[in-house]
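Let us walk through this assembly together, one piece at a time. Keep the viewer open as you read, and turn the view whenever a residue is named.

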Amino acid sequence: MTKVLVVDDSNSIRDMVSFTLKSAGYQTVEAKDGREGLSKAQMDGFDLVISDVNMPNMDGISLCTELRKLAAFKFTPILMLTTESSTDMKMRGKAAGATGWLVKPFNPEKLLATIKRVVK
Amino acid sequence: MSVDLSQFIPSFLEESFEGLELMESGLLNLQPGDNETIHSIFRAAHSIKGGAGTFGFDSVTDFTHLVETLLDEMRDGRREVTNADTEILLESVDCMRLLIEAARDESDYDTEKVAQTSSRLAQTLGNEQLTSDENVSVDKVGSESATGFNIKFVPEHSLAKTGNDPLFLFSALAELGSLTIHANTNELPALMDIDAQELYLSWQLTLIGEVDEEEVKEIFEWVEDECLLELTPIDNKLPQEKTENEPTFQQENTTAPAIDETTPQIQESQIAAANPKSADEKATVSKTKAKTEVGSIRVGVDKVDSLINLVGELVITQSMLSELGNDFVMEKVERLNSGLEQLLQNTKELQESVMRIRMLPISFAFSRFPRLVHDLAVKTGKAMELVIKGEQTELDKTVMEQIGDPLVHLVRNAADHGIEASDIRVAQGKPEKGTISLDAYHQGGNIVIEINDDGAGINRESVLAKAVDKGLIDANATLTDSQVYDLLFEPGFSTAAEITDISGRGVGMDVVKRNIQALGGRIQVESTLGKGSTFKVNLPLTLAILDGQLVKVGSETYIIPLIAIVESLQIDNKLINRVSGDMVLYRLRDDNVPVLPIYQLFDLETECIEIDNALLVVVEADGQKVGLMVDDLLAQQQVVIKSLKDNYQQVAGISGATILGDGSVAMILDIPGMISMALEKAQYAQKFKNGGDSVKAEVCI
Amino acid sequence: MNIQAMAQDIPVEGEHSIEGVDFITSGDQYLTFLLADEQYAVDILCVEEIRSWETPTKIPNAPGYIKGVINMRGVIVPIVDLRLKFGIGEASYLETTVVIVLTYQNDDKSRTIGFVVDAVSDVLNVESVDIKPAPAFGGCVSQQFIDGLINSEQKVVTILNVAHLQQVEQHPMNS
C-alpha cells in the first residue's frame, strides 16, 4: 500500500489531505511540522511526502533539504503544498530538492489527480 | 471521485479563531526585529487563507491575501514594522474575524469596516505600485467600497502637456480619505507607437471617507476641461436611489472615448454600496452571533469522565438501596442510614461536577482586554499597559457572558479617567507608563474581580462638588469616603470634565452597577488620591445555586442570600428606638439600622412578632444596611434557584424560589428589591399623609 | 390520577367504560368540575394532573385568590382558588377539595397553573356545535373566561377558556 507522509501545521488541512488520501486507498502518517515530519521519516519509509511550506520549528523547504540528505529519501517524491505560487518560492523549493508543487486552495480531486504523476 | 470536505469546516473554523487570537496577541507584543513572532503571525494568516480557499470562503481568502502580502513583506525584511502597520494589521484581524464569523453563520458582515480596512491595507501595500493595473486586490477593494466616492478619471492624452500630473492629484485625494486606484492601460498603444509625452492611462479611483463632493471637485479644478470626470457618491444611506440615479456629477468637455472596461466596475461598486449594513442590521447580526456563542459549551474530557464515574457510583448506591427496600426489616436500619449517607455524598459530588461543566476560566472574559487597553492607549495618547492575574479562576459561563460588558466599561473608565498623561505622571514621580491590572480570585464561594489602576485616584472634592451641582446631595452633607465613591454609580453622574469618546458612550457607571447587581453581585471602590483606584467586583460563582440562610417568619420559611448578610443578632430591647413618627431603628454599635418588618412588607397574616423576642438579620444592599426581623434562624444551605416567572410572574422583593429538603417551596428574598419596596411604601405613606394634611387645611379655611 | 393520559388511551371510536366513567369518544372531551353546586368544564387536553389540596407557600402581596406556589416534581406551580377568583361559594379546604393542574401552550411558551375546585365530576364529550354562547347577563364570572355553555342532562355546564384563565394579572406590589 502506498504510504504518504503528510506534514502541515494546520490541523484542518492535515486532516483533509489525509482524509482525501485515505479515501482513495492510500495509507497516511501525519506530522504537525517539519521537525516532527523529519523524525517520522527517519523512523519509517514513505512513498510520498506532502508538506506545507510555512510551519513552525522547521519549514517545508528545510524539511525537503533534510530529507534529501537521508538515503531512504533520495528519490522519494516530495510535494510542497502551499499558497505561494510565486516563482521565487518555487525556485527555492526546487533548489531544496522538491519534486513538485500543489497550490492551495486545497482541492481533493486535484490532489489525487496530481499525485498520480509521482506515485502509484 | 468526489470527496466531501465539509466535515472539516468546524475544525477549520476553530483553528482559524485560534489563529486570529495568536495573530492578535503576537501583534500586541510585537517588538521590532522579532522575526519569529512575525513568522508565526504570517503562518496563522497563511493557514486561514489556505483553508478558506478550500472551503470557498472567498471573502476571507481575498481579504487575508492582503494581510498575508503585507506580513510577507515584513517577514522578508522588505518592510519595516511600524506602529501604523501594526495598527492596520490589528484592524485586519478584526475584519478577518468578522468575515470568518459571517462565513460560519452564513450571515452578513460589516462591509464598510472591511472595505475600509482592505483599502487601507491596499494603500499600505500599494505605495510603490500606485499605477499598477493588475493588482487584483486593489481592484477588489474598489468594488466593496462604502461611504465616499467612485471617481472615474479619463484624462485627455495631452493632459501631461499642461503640466498636470495625475499622481499629484491622487495624493491630494488620498489626503481626504483612503484612496484606492485602478489604472486602465487598455489605451496603451504598441510600444513603438508610444509618444512619450502623451498620457494613455485612465483611472478608476475609490475614495473612502467622510468627504464633501466640493472638496473632490476642487482637486480636479485645474483639469476639468481636459478630462472626463465622473463622481459617484457611495452613500450607504440611500443605496436604492443611488443605484438608479445617474452619476450626480459629470463633466465632459471633450469627446473622450468611453471606456467600457470601467463600466461594469462602477455597477459592481454600486451594487456593493446598495447592500450595506445599516446600524439595525448590524445589531441583528451581532445578536445572532451572541446566540450561537451561548448555545454550546466546550467541556474538557476530564470533566465528562468524572461525571460518568459519579453516575456510576450513584447507580451502585441506588441498586443497593432498592435491594435494601425489597425486604426491609428494622435490623437493617443502620445499613439504610449508611446507604442514604452515601446517596447524599453522591448527589453532592454529582451536583458539583455538573456545576463544574458550566465553569470556565475567566481568561475567556479577560482575553479581549490586552487589545482593548492597546486601543485605548492609542486613542487617549497615554502610555499604559495591562497586567492580568488569576486568569485561570473559574466561574459560571452565564455569569461570564454577562460580566464582560461591565468589565469593559470599568477598564475603559480606568484608562480614561484613571491613568494620567505621561508628562503628568513623570512630574509626580510615577513611572511614565500607567498600569491597569485585572485580577480574579475566589473568595468564600464568590469570585472577586479587581480592576486596578495606578492613576490619579478619585478626587473626593470634585466628586462632591459635582454631586451637589447635580442636586444629588445636600451641600452640607458629610459623607464617608465610600459614600462619596458610591456617588459615581448614581445615574447621570460622570466625573469627566467633558464626555469623551471612550467612557462617554451613553452607558454610565450606574448601568455597570445595575448589571452587576442583576447577577447577584456587588461593586466596591477603593481609591487613594494620586495613587490610583481599585474597583472590586464581587460575584456569585453561579446563577443556578445560592448559599442561603433559612429563616422563619411566622409560618413561612424564607431564604436570605448569605452574600447579603452582615450579621445576625438577638434583639436587645434597649437598643430599639422609635423615632420620627413610626420608624423603628436598631442601634448597632454606632449605626442606626432601620428595621424592616417582613410580615408587614409581604402582607403576611401572621401573629405580629414581638420585637423583643425576635432575631435581627442585618443585611446590606446598595450600601444601605437594614435589619430584617425574623422569628428564627434555621439552617444555612445551598439552594437551587428556580424562577417564579415561568409559571407566574416576577414578584417584588423575591428573587426566586427553591425547593427544600421536605419538598416544600421557599421564597428567596431579594434584598435590594425589599429595600426599595420599603422606601416606596414609606414615600407613599408620606405623600398620603401630606395630602391628608393639605385637605384638612382647606377644610379649616 | 392522570386524566389526560387516561383520555388518550381511549380508542377513537365506540363507547368504553373505564373505572365506571363512560366515554363516548367523538367530539372534544372536557373535564367537568364543581364550584359550589355549579358545573364547569375545561378542555381535557390542557389537564396536566389532578392533585389533592396541600397548603402552598404564600407569595408576598399576591391577590387573595392566588393561594401561593407548590412544588410539582421540581416545578414551581402557582395555585389559584377558582372559587375566590370567580366569587362562587365558600373557599373551604376539605378532603374532596382538589387542584386541577392545567398547562396551556402558547407559541413556544407553556404555563402551568393549579386551580382549586370543590370536586371533579365527569368527563364530557362535546360536539362544538352543541356549545352555545353564554347570555351576557353577567354572573360573577367575567365573560372573558367563558367559552360557552353546554347542556348535560338537566345541568348546564360552563366551558371555561383556559388561555384566559392562565393569564396572570399583574398585581401591584402594594395595594
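**A guided walk through three chains**

Start at L99(B): setting aside residues within four places of it in sequence, its contacts are S59(B), V60(B), F63(B), Y109(B) and V114(B). Please keep in mind throughout that the model is predicted.

The largest nonpolar core has 86 residues, and the members that touch the most others are V60(B), V67(B), M96(B), L99(B) and L205(B). As background, nonpolar side chains in soluble globular proteins tend to be buried together.

Now step back and look at chain B as a whole. It has 22 helices and 23 strands, and 34% of its 701 residues count as buried. If you take the contacts in chain B between residues at least 6 apart in sequence, 70% of them join residues at least 24 apart.

A residue needs 20 or more other C-beta atoms within 10 Å to count as buried.

The other helix is α16 of chain B, residues 397-418. Its 22 residues reach 30 Å from the first C-alpha to the last, close to the 32 Å expected at 1.5 Å a residue. Where does α16(B) bend? The bend is at I403(B) and amounts to about 35 degrees, with a proline, P406(B), following within four residues.

Chain A comes next. It has five helices and five strands, and from the N terminus on its elements run β-α-β-α-β-α-β-α-β-α. Of its 120 residues, 43% count as buried. Among contacts in chain A with a separation of 6 or more, 60% come from residues 24 or more positions apart.

Where chain A meets chain B, 19 residues of chain A are in contact with 18 residues of chain B. On the chain A side, α1 (11-23) and α5 (108-115) are the elements that give two or more residues. α1(A) gives the most, with seven residues. Sorted by class, this side of chain A holds eight nonpolar, seven polar and four charged residues.

On to the meeting of chains B and C. This contact takes 22 residues from chain B and 19 residues from chain C. On the chain B side, β22 (654-659), β23 (665-669) and α22 (671-700) each supply at least two residues. The classes on that side are 13 nonpolar, five polar and four charged residues.

Chain C itself has three helices and 12 strands. Of its 175 residues, 34% count as buried, and 55% of its contacts between residues at least 6 apart in sequence join residues at least 24 apart.

Let us finish with two backbone details in chain C. Most residues other than glycine have a negative phi. A36(C), which is not a glycine, has a positive phi of about 55 degrees. A36(C) sits in the loop between β3 (28-35) and β4 (38-43) of chain C. Is A36(C) buried or exposed? It counts as exposed because it has 11 C-beta neighbours inside 10 Å, and the cut-off for exposed is 12 or fewer. E153(C) also has a positive phi, near 50 degrees, and is a residue other than glycine. Its place is the loop between β11 (146-152) and β12 (155-160) of chain C. With 6 other C-beta atoms within 10 Å, E153(C) is exposed.

Definitions and conventions. Residues are numbered from 1 along each chain as its sequence is written. Chains are lettered from A and ligands numbered from 1 in the order in which they are written. This is a predicted model: local features need pLDDT of at least 70, side-chain atom pairs count only at pLDDT 80 or more; totals for chains, interfaces and linings use all residues. Two residues are in contact if their C-beta atoms, placed from the backbone, lie within 7 Å. Ala, Val, Leu, Ile, Met, Phe, Trp, Tyr, Cys and Pro count as nonpolar, Asp, Glu, Lys and Arg as charged, and the others, Gly among them, as polar. The expected span of a helix is 1.5 Å times one less than its number of residues. The bend at a residue is the angle between axes fitted to the seven residues ending there and the seven starting there. A nonpolar core is a set of buried Ala, Val, Leu, Ile, Met, Phe, Trp, Tyr and Cys residues joined through C-beta atoms within 7 Å.
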